[in-house]
Amino acid sequence: MSKKLKFGLPKGSLQDATIEKMAKAGFNVSISSRSYIPTVDDDEMEIRLIRAQEISRYVEHGYLDCGITGHDWVIENGSDVQEVGEFLFSKATRRPARWVLCVPENSPVKSVRDLKGKRIATEVVNLTKKYLKKNGVKADVEFSWGATEMKAHELVDAIVEVTETGSSLRANKLRIVDELLVSTPRLIANHNSWKDAWKRKKIETLAMLLKGAIDAEAKVGLKMNIAEKNLTRLLKELPALRNPTISSLSLKGWVAVETIIDEHIVRELIPQLKAAGAEGIIEYPLNKVVY
């Protein structure tokens with residue numbers, strides 16, 4: 001019987017983004033509306049789709065060998081797991097998620113100390129209680145099943161909610177009082193699975209390919225030709241091209257230059273390349289960048 005790696009993917013807000021990243025890493029995951037068990041084009045892997053809030057517990061107890069979940073849920077659950085890798089992606093942006101303490105815009109609350117004896121609603125009860133204890137504040141913390149932003153105006157004195165950009169909080173006329181935790185998705189592993197040589201190699205390969213796929217999203221490749229006499233000037237004037245691949249062309253006195261750069265600087269860089277004598281400039285997308 002072939003070995004299997006039981007891998008947990010987060011169901012919910014991170015689901016689509018995670019499956020997209022898995023595909024770019026080379027693992028095509030298919031989800032059927034008729035089954036809770038996704039399929040993947042890797043015979044050595046079994047996928048389970050589980051709420052991000054629960055994955056760290058199942059990994060800790062060995063029901064899963066590894067999984068992707070937010071750092072916030074590892075902390076909230078107090079899970080003892082092996083952290084393998086951090087991946088900067090989310091449901092909407094490449095920004096990390098932030099758990100923040102919020103109150104209505106017109107609330108008199110200015111700091112957490114003003115919440116002594118008050119009521120706070122949140123999905124991260126343990127995290128919030130630790131935060132209050134750290135600040136020496138005694139307050140009632142209740143679990144919120146949803147619609148947490150609305151409760152701040154009518155049912156509780158404050159909320160602890162997750163945000164990426166803060167736009168939803170502003171739209172609901174909420175003001176951030178403090179930040180409790182910054183969280184990014186993590187690949188975590190069960191300690192015993194991590195000690196198993198075959199499983200560890202499989203998990204490390206998965207981490208490498210995922211990181212390569214995510215790193216590639218913010219970069220592009222550039223190719224160009226340039227006269228050899230202009231090459232030194234090009235490399236001196238453009239720091240981004242200090243370590244390119246340079247190869248000779250069949251046309252004497254000319255070389256081909258190829259490099260990888262951050263996508264956001266391309267529009268400023270290409271005119272500089274042209275001015276430095278580069279010709280035949282080609283920009284192309286990348287699937288993975290593995291360092």
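Two residues are in contact here when heavy atoms of one lie within 4.5 Å of heavy atoms of the other. With that in mind, let us walk through this structure, which is a predicted model.

Leaving aside residues up to four places away in sequence, phenylalanine 7 touches Met22, Met45, Glu46, Ile47, Arg48, Leu64, Cys66, Gly67, Ile68, Leu187 and Leu206. Phe7 also belongs to the largest nonpolar core, a group of 28 residues in which Phe7, Leu9, Met22, Phe27 and Leu187 touch the most other members. Two or more residues of this core come from each of strand S1 (5-11), helix H1 (15-25), strand S4 (45-51), strand S5 (66-70), strand S12 (185-189) and helix H8 (197-217). Of these elements, H8 gives the largest share, seven residues. There is also a second, separate core, with 21 residues, including Leu115, Val124, Val177 and Leu181. In soluble globular proteins, nonpolar side chains tend to be buried together.

Now turn to the sheet. Its five strands follow the order S4-S1-S5-S12-S6, and the sheet is open, with mixed pairing. S4 and strand S6 (82-86) each have a single partner strand and stand at the edges, so one side of each has no neighbour in the sheet. From one strand to the next, the twist averages 30°.

You can follow the pairing strand by strand. S1 and S4 are parallel partners joined by seven bridges, with leucine 9 standing opposite leucine 49 in S4. S5 and S12, in contrast, pair in the antiparallel sense over five bridges, and here glycine 67 stands opposite isoleucine 188 in S12. S6 and S12 also run antiparallel, joined by four bridges; glycine 85 has leucine 187 in S12 as its bridge partner.

H1 packs on it and touches S1, S4 and S5, with a direction at about 135° to that of S1. H8 lies across S1, S4, S5, S6 and S12, and runs at about 40° to S1. These two helices also meet each other: their axes come within 8 Å and cross at roughly 100°. Angles from 65 to 115 degrees count as roughly perpendicular, and H1 and H8 are therefore roughly perpendicular to each other. On the H1 side the contact involves Glu20, Lys21, Met22, Lys24 and Ala25, which meet Leu206, Leu209, Leu210, Ala213, Ile214 and Glu217 in H8. By class, this contact has seven nonpolar, no polar and four charged residues.

Helix H2 (residues 52-60) is another element to find. Its buried residues are Ala52, Gln53, Ile55, Ser56 and Val59, and they pack against S1, S4, S5, helix H3 (71-77) and S12. After H2 comes glycine 62, with a positive phi near 90°.

Finally, look for glycine 166, in the loop between strand S10 (158-163) and helix H6 (167-171). Its relative accessibility is 4%, so glycine 166 counts as buried. Glycine 166 and valine 100 are 66 residues apart in sequence, while their C-alpha atoms are 9.6 Å apart in space.

Conventions. Residues are numbered from 1 along each chain as its sequence is written. This is a predicted model: local features need pLDDT of at least 70, side-chain atom pairs count only at pLDDT 80 or more; totals for chains, interfaces and linings use all residues. Side-chain values use heavy atoms; hydrogens and water are left out. A nonpolar core is a set of buried Ala, Val, Leu, Ile, Met, Phe, Trp, Tyr and Cys residues joined through side-chain atoms within 4.5 Å. Buried means under 20% relative accessible area, exposed over 50%, partly exposed in between (1.4 Å probe, protein chains only). Axes are lines fitted to C-alpha atoms, for helices over the stretch in contact, and angles run from 0 to 180 degrees between N-to-C directions. Angles under 35 degrees count as roughly parallel, over 145 as roughly antiparallel, 65 to 115 as roughly perpendicular and the rest as oblique. Ala, Val, Leu, Ile, Met, Phe, Trp, Tyr, Cys and Pro count as nonpolar, Asp, Glu, Lys and Arg as charged, and the others, Gly among them, as polar. Two strands pair if DSSP finds at least two bridges between them.
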